[in-house]
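Please load the model in a viewer and keep the selection tool at hand. The stops below proceed by selection, each followed by what is to be found there.

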Amino acid sequence: MPIGAFAQRCGLTPSALRFYADSGLLPPADVDPVSGYRYYSTDQVARATSLRQLRELAMPLAAVEAVLGSGADKASRLLDDHVDRVVGDAAAVQQKAAAIKSALGTAPALPLATVKGPVLADAVEQVLTAAAHEPGTSAGGGLRIEAGHEAVTLTATDRYRLSTRTLVPAEPPSQTWAGTVDGDELRAAVAACRRSLLVRMEAVSKGIWFRVAGGEDRHCRLLPGQFPDYRLMLASLGEVSTRATVSKNLLLQALEEHPGERIGLHVSEHGVSVVPADNGHPDIPLPAIAAGRALRIWFELTTLYPAVSTAIGPDLLLDLRGHDQPVTIRSADRGDLTTLTMPTRPDHSA
């Protein structure tokens, strides 16, 4: 078919087709020896379309040639490598832009607190398990950072979980401050924080800086919108009716062995049992210290497992208030990380 018709068929311009022909990526099927007019076959449409799509990803010509000349598995790996490079470059550009904007600002950075880098990194990963991008929710996917006179508190929440942890800073906060930080950018900053013995936190007009020793400082944007009043939420919880102390590792092992997506906990004076929704599988009894009335409560595995896996210490304290009320999960020895997890109703609704 003529170059014009082929261009329309594959979504490329005639000039782009001439360029790709000259570069050897897509030579025409035939060239008129007199007029030099180029013709393409229908068999070349798929390659031309793939070529256009790869270039739309800003892939260099050499990489495009490698992808087009590879089998499916290798081509997939090459695409993944390219995406990783693009994402890395974008993050670097974002950091440099943040540094430039900070330098352009007239207001100086506000020193907040200095915390141990590895402790901060662990706390961010633990608390952010309770954050998710929920349509229609304010500050979705963000982490609330509050600097008080004696501590720094990290909090995240979605419709099903709430997690909060208090850190004792290496240097007391010099100011009181609160802001909701972009969770994705904070996750990207975790590695740099973990490698630094101390991290200085400084607030600027629309973000927060994490100053690390011997590495590149990281900037995270503040999210607009009001963060949920989690303190009111905690204060409004009903009285604990059942309490159990159970091994974190044994409970995790039981959850990992559980065959279904929905899981039950049966708490009684005899201990804690992991109960499958399918009667075809046996209960998994766990040694535990329990007090209060017997209770059977159901969870989605994707909600319960992160709350258990990120808990601190070998033993967990479970505070239960009823089959349809939030469960508090915290360390039996240390109370600086607290997670609320919503159960599902017996009829499987959230």
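This is a predicted model: local features need pLDDT of at least 70, side-chain atom pairs count only at pLDDT 80 or more; totals for chains, interfaces and linings use all residues.

Residues are numbered from 1 along each chain as its sequence is written, and side-chain values use heavy atoms, with hydrogens and water left out. Helices (H or I, at least four residues) and strands (E, at least two) are DSSP runs, numbered from the N terminus.

**First selection: α1 and α3**

Select helix α1, residues 3–10, together with α3, which spans 45–56. The two helices pack at an angle of about 60°, with their axes 9 Å apart; the axes are lines fitted to C-alpha atoms, for helices over the stretch in contact, and angles run from 0 to 180 degrees between N-to-C directions. α1 and α3 are therefore oblique to each other. Their crossing is right-handed; a crossing has this hand if the near helix is turned clockwise from the far one by less than a right angle, and is left-handed if anticlockwise.

Now display the side chains at the contact (heavy atoms within 4.5 Å). From α1, F6, R9 and C10 meet V45, A48, T49 and R52 of α3. The residues of this contact divide into 4 nonpolar, 1 polar and 2 charged. Here Ala, Val, Leu, Ile, Met, Phe, Trp, Tyr, Cys and Pro count as nonpolar, Asp, Glu, Lys and Arg as charged, and the others, Gly among them, as polar.

Move to A58, in the loop between α3 and α4 (61–68). Its phi is near 65°, a positive value in a residue other than glycine. Most residues other than glycine have a negative phi. Is A58 buried or exposed? A58 counts as exposed because its relative accessibility is 59%; the class requires over 50% relative accessible area, buried means under 20%, and partly exposed lies in between (1.4 Å probe, protein chains only).

Continue into α4, where the buried residues are A63, V64 and V67. Viewed down the axis of α4, these buried residues fall within an arc of 105°, so they line one face of the helix. The arc is that of the directions from the helix axis to the C-beta atoms.

Select helix α6 (residues 117–128) and helix α7 (residues 183–194), which pack at an angle of about 150° with axes 8 Å apart. That angle makes α6 roughly antiparallel to α7. The crossing of α6 and α7 is left-handed. The contact residues of α6 include L120, V124 and L128, and those of α7 include L186, V190 and C193.

L250 is found in helix α9, residues 248–257, and is partly exposed, at 35% relative accessible area. Leaving aside neighbours within four places in sequence, L250 is in contact with L286 and P287.

Finish at T341, in strand β19 (residues 337–341). T341 is buried, with a relative accessible area of 0%. Beyond residues up to four places away in sequence, T341 touches Y160, F299, T303, L304, A307, P326, V327 and I329. The C-alpha atoms of T341 and I329 are 7.6 Å apart, and the two residues are 12 apart in sequence.

How values were computed. Angles under 35 degrees count as roughly parallel, over 145 as roughly antiparallel, 65 to 115 as roughly perpendicular and the rest as oblique.
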